[in-house]
Amino acid sequence: MKPTRFLNRATPYLFLAPAGIILLFALLYPIGYLTMASFFDWRMGTPFADAVFYGFKNYAWILNDPNFHESFMVTITFASTVVVLEMVIGVGLALMLERPIRGMSVFRTIFILPMMIAPIVVGLVWRYMYNPQFGIFNKTLKKWGFEPIPWLSSPDWALPSVIIADIWQWTPFIFILSLAALQSLPRSSLEAARIDGASEWQQIIYIKIPLMMPVLVVAALLRMIDAFKVLEVIFIMTNGGPGLSTEIMSLQIYKTAFVSWELGRAAALSNILLVIVLVITLTMFLYTKARDARMARIQAAVEQY
Amino acid sequence: MFDHLKKTLVTAALVGVSAGIMSTTVHAADPYEPYKGTTLVVNFPAHPHYDAVMKVIPKFTEETGIKVEVDQLQYLAMRQKQSLELTKPRGDYDLLAYVVFSKADYVPAGQLEPLAPFFMNPKLADPNYDPEDLITGYMQNIGVAGGKKGYLPGPTGALYGVPFGSETSVLGYRKDIFEKHNLKVPETYDELLELVCKIPELEPGMGGLTSRGASGHQVSHAFLLHLAPLGGSVYDDQWNPIVNNEAGVKAGEALKKILECGPEGGTSFGFAEMKNAFLQGNAAMFLDSTVVAGEVDDPEKSKIVGKVGWAMHPEGVRRGSQTGGFGIGIPSNAQNKEAAFLLLQWLTSKRVDKMIALEGGNPSRFSTHEDPDVNAKYPHMKTFAEALKYADPDWRPIIPTWGEVNNELGTTLSKALTGDMSVKEALDIVAERARAIQEKAGYYTWQQ
């Protein structure tokens with residue numbers, strides 16, 4: 001092999017190498033360490049050298065733990081509800097606010113503010129607003145003659161309450177992405193639809209939403225992954241309570257590690273969460289890939305015709 | 001001949017001079033002298049007691065020339081930072097305040113320095129320190145480890161820390177409300193439980209007794225507060241869980257009743273919300289840590305200034321008030337241990353204990369509770385001194401597995417309090433889990 005040919009072939013790898021090495025250390029190493037730790041009985045505050053090999057016992061403990069089952073259901077409910085509601089509200093708002101209306105730029109700026117507030121602060125603000133004594137919600141309800149609502153103190157209300165806070169904070173994210181997608185839609189398709197006499201509603205259903213789909217899938221995916229990882233807001237607002245009614249898995253991981261000091265079990269729990277998120281992400285990814293392939297086939301067929 | 005005389009004179013002069021030096025050393029000894037200019041790094045929690053301590057720390061530097069740098073952290077976050085610090089070969093902290101149940105982790109891991117060598121060092125130990133004056137219950141709960149059940153004092157125990165910012169439980173009540181309705185201050189649990197639901201009837205909109213109730217540590221704390229006086233315990237002496245026995249169920253039912261008749265939203269209350277409900281006038285009684293006393297009469301924080309009376313924690317089948325709060329100890333990996341001991345000794349001395357008490361801190365000494373100046377400023381100190389006699393060092397187990405058991409108790413019991421299951425069902429689950437946790441940690445190794 002001539003050196004030049006070798007260099008030609010090696011160049012792409014050389015350029016990829018720094019990124020690859022960083023990825024290896026920033027991603028694979030922690031996951032590898034996590035997986036290793038999950039097989040040990042390792043207490044916080046003791047060196048790893050003192051940890052006892054534990055096999056799959058951490059996983060067995062978790063899978064037999066009714067608290068884990070409950071927390072799993074809470075996580076799924078929380079993540080699916082917030083993603084669906086945020087998508088609907090976010091896309092809806094984007095469709096409504098797409099057209100140039102006076103003062104809209106100000107409104108848009110105000111609307112994206114929640115996203116920029118630190119999660120801890122969001123948690124505190126909502127906790128105060130939900131406060132039964134001086135919170136704005138119950139104060140207003142009482143003023144209007146309604147019964148106060150036990151926002152964070154009842155197991156039936158606590159999860160909806162934290163879901164409301166999450167929607168408030170993260171709908172803007174969907175809104176911004178949808179708005180950007182809408183504004184970059186090909187004008188020609190929309191004009192063609194309009195000339196053909198499609199109503200506003202038909203344009204949305206048949207033209208805008210399908211064309212926005214790739215962006216929406218990515219947005220939903222990002223929110224889904226985030227919803228599985230959310231910790232601070234719930235930690236501050238309810239700390240998982242009452243009972244386990246808002247104890248999402250990330251909070252359970254936190255408590256296992258930093259309240260119960262069971263680092264090995266916390267590692268196992270983290271791995272389980274990782275697998276769940278991976279499965280969901282891959283499913284959505286494969287779905288979009290299949291859809292894209294279908295679209296490409298249709299495109300090809302149309303061109304042939 | 002001359003030579004001999006010369007030698008004698010020189011020797012005599014030398015002896016005289018050195019004796020002179022020695023005598024000046026003896027008379028003008030400053031035990032702090034060797035450490036002058038040292039900077040101690042100290043880890044304290046953000047807590048009313050330590051806010052008072054911060055006001056006297058500059059005085060230490062002024063008197064001794066030892067500088068103090070304080071790293072103040074939220075108390076539940078302190079444990080994590082300390083774990084990291086204590087496992088390093090050379091720690092950054094020279095002195096740290098630890099939450100009482102950290103004793104169960106730090107002492108077995110050899111992370112806290114035993115204090116006996118310091119108290120035996122004549123250059124460091126102040127003969128006027130008067131250890132007898134330190135509050136017994138606190139010393140047993142916070143300072144000593146290695147006796148009965150491992151965490152209690154006893155002939156096999158040793159000293160690892162000194163209580164500093166310790167607390168017990170007392171009953172605070174609204175004098176105005178009690179007078180208005182001619183109510184008797186409850187002395188027993190029966191009287192207390194009768195009163196908690198009577199108050200909302202007499203004073204619509206006001207809760208009976210404010211209580212913590214948030215899932216986890218908070219609700220667990222509230223439960224244990226009633227468990228000890230009602231005769232219960234989480235484990236027996238053989239580490240068998242007995243939290244679900246009759247006394248346990250009674251304590252759980254008592255807490256449920258207290259929360260039902262308490263201020264709105266009690267099942268989401270942590271310590272701060274619980275305290276604020278009382279300070280804002282939304283509850284007629286308070287039964288928790290003494291630390292609130294400093295804030296009750298602060299018009300900036302309280303709407304009930306001058307309206308609160310204090311009484312002992314009511315008696316169940318026995319008297320037992322909580323012991324908790326903080327102690328200070330020296331990390332084994334500290335870099336300035338001797339100077340740190342001097343600070344520890346200074347902070348917990350009679351004189352400084354009084355200074356801190358006058359700034360609104362929690363005194364660690366009996367004498368401070370009896371002190372006329374302190375009592376003139378805080379008339380409740382006398383009642384607190386009485387309550388301290390019943391401070392129970394065994395009201396909750398201080399064991400390495402406690403974090404996990406506490407979490408289990410706190411979340412499962414929370415379900416019972418919000419109506420998902422009965423108290424008995426919840427405590428049965430807790431007992432089962434508490435056994436599994438102890439088993440894993442090897443507590444049944446010696447059981448036949």
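**Stop 1: a histidine in a loop**

Select B:H47, which sits in the loop between β1 (39-45) and α2 of chain B. Keep in mind throughout that this is a predicted model. Is B:H47 buried or exposed? B:H47 counts as buried because it has 23 C-beta neighbours inside 10 Å, and the cut-off for a buried residue is 20 or more.

Now show what surrounds this residue. Leaving aside residues up to four places away in sequence, B:H47 touches B:Y75 and B:G165. B:H47 and B:V291 are 244 residues apart in sequence, yet their C-alpha atoms are 9.0 Å apart in space.

**Stop 2: the whole of chain B**

Zoom out and select chain B. Along the principal axes, its C-alpha atoms fill a box of roughly 105 × 55 × 35 Å. Chain B has 19 helices and 10 strands. Of its 448 residues, 51% count as buried. Among the contacts in chain B with a separation of 6 or more, 75% are between residues 24 or more positions apart.

**Stop 3: two domains**

Colour chain B by domain. The domain assignment gives domain 1 (33-160 + 324-377) and domain 2 (168-322 + 395-440). Taken over C-alpha atoms, the centres of these two domains of chain B are separated by 29 Å.

How many residues of each domain take part in the contact between them? In chain B, 14 residues of domain 1 are in contact with 11 residues of domain 2. On the domain 1 side, the elements that give two or more residues are α2 (48-64) and α4 (103-106) of chain B. The most comes from α4(B), with three residues. By class, the residues on this side of domain 1 of chain B divide into six nonpolar, five polar and three charged.

**Stop 4: a bent helix**

Select residues 189-202 of chain B, which form helix α8. This helix has 14 residues and reaches 20 Å from its first C-alpha to its last, close to the 20 Å expected at 1.5 Å a residue. Where does α8(B) bend? The bend is at B:V196 and is about 30°; a proline, B:P200, follows within four residues.

Show the side chains of the buried residues of α8(B): B:L192, B:L193, B:L195, B:V196 and B:I199. An α-helix has 3.6 residues a turn, so residues three or four places apart point the same way. In chain B, the buried residues of α8 pack against β7 (207-210), α10 (246-260) and β8 (283-289).

**Stop 5**

Move to B:N182, in the loop between α7 (175-180) and α8 of chain B. Most residues other than glycine have a negative phi. B:N182 is not a glycine, but its phi is positive, near 55°. Is B:N182 buried or exposed? B:N182 counts as exposed because it has 6 C-beta neighbours inside 10 Å, and the cut-off for exposed is 12 or fewer.

**Stop 6: where chain B meets chain A**

Show both chains. In this interface, 25 residues of chain B are in contact with 26 residues of chain A. On the chain B side, α3 (75-86) and α18 (402-417) each supply at least two residues. The largest share of that side, six residues, comes from α18(B). By class, the side of chain B that touches chain A has four nonpolar, 16 polar and five charged residues.

**Stop 7: chain A**

Select chain A and colour it by pLDDT. The average is 86, and 99% of the residues score at least 70.

Next, select A:W261, in the loop between α11 (249-258) and α12 (263-304) of chain A. A:W261 has a positive phi of about 65° although it is not a glycine. A:W261 is buried, because 23 other C-beta atoms lie within 10 Å.

Finish with α12(A). This helix has 42 residues and reaches 60 Å from its first C-alpha to its last, close to the 62 Å expected at 1.5 Å a residue. Which residues of α12(A) are buried? They are A:L263, A:G264, A:R265, A:A266, A:A267, A:A268, A:L269 and A:S270.

Technical notes: Residues numbered from 1 in each chain as written. Chains lettered and ligands numbered in written order. Predicted model: local features only at pLDDT ≥ 70, side-chain atom pairs only at ≥ 80, totals over all residues. Expected span 1.5 Å × (residues − 1). Bend = angle between axes of the 7 residues up to and from the residue. Contact = placed C-beta atoms within 7 Å. Domains from an automatic or database assignment. Nonpolar A, V, L, I, M, F, W, Y, C, P; charged D, E, K, R; others polar. pLDDT = per-residue confidence, 0-100.
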